Amino acid sequence: CAMCLGAPAAYYSGKGYAPAEAWWLCLLNALFFWGPVFHVKTAAMRHRCLGDPRLLPGLRRLAAESIGYHLGAAGAALGLAVSGVLPVLASLPLLAALAKAWRGALEPPGRADFRALGYTEVAFSALFLGVSLAVF
């Protein structure tokens, strides 16, 4: 993620300029890859709540923060798409991540399968990469 965020600066230092698309892709990259932080933390808290129900208020707070972040990220991408700055398809991975976060927020406390969670994040990253390659 950090390498992708530094790409526009590296491009600029090598060529003397960076196209606007590089900066927008950098922004989308940052918005997209911060999302799993909230999603994984919520899953871990859901797992911990199974053994300690006193943590339920913390789970609700984390779930709300996750939904809020994903709504904001998807809304920003859609706003940029509607205004013509980004292709509309560029917001697809953020909308998919919002759906994933929403589904996760609705799940009751339970055992977390972190391996499956990791595979899911890899699949969403592949979606982001595929869409980014298609539209940029």
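**Pocket and helices**

Colleague: How much space lies in the largest pocket?
Modeller: About 270 Å³. A pocket here is an open set of points on a 1 Å grid over the protein atoms alone, where a 1.4 Å probe fits, with protein on both sides within 12 Å along at least five of seven lines. The volume is the space filled by probe spheres set on the points, which are joined across faces, edges and corners.

Colleague: Where does the model come from?
Modeller: This is a predicted model; local features need pLDDT of at least 70, side-chain atom pairs need 80 or more, and totals for chains, interfaces and linings use all residues. Residues are numbered from 1 along each chain as its sequence is written, and side-chain values use heavy atoms, without hydrogens or water.

Colleague: Which residues lie nearest the pocket's centre?
Modeller: His39, Arg46, Arg103, Glu107 and Leu117, out of 16 lining residues. Lining means an atom within 4 Å of a point.

Colleague: What classes are in that lining?
Modeller: The lining has 6 nonpolar, 4 polar and 6 charged residues. Asp, Glu, Lys and Arg count as charged; Ala, Val, Leu, Ile, Met, Phe, Trp, Tyr, Cys and Pro as nonpolar; the others, Gly among them, as polar.

Colleague: Which helices supply it?
Modeller: Helix 2 (20-51), helix 4 and helix 5 each give at least two residues.

Colleague: New topic. How many helices and strands are there?
Modeller: The chain has 5 helices and 0 strands. Both are DSSP runs numbered from the N terminus: helices are H or I, at least four residues, and strands are E, at least two.

Colleague: How long should helix 3 be?
Modeller: Helix 3 (residues 56-82) has 27 residues, so at 1.5 Å a residue it should span 39 Å. That is 1.5 Å times one less than the residue count. Its end C-alpha atoms are 38 Å apart, which agrees.

Colleague: And what happens just after helix 3?
Modeller: Gly84 takes a positive phi of about 90 degrees.
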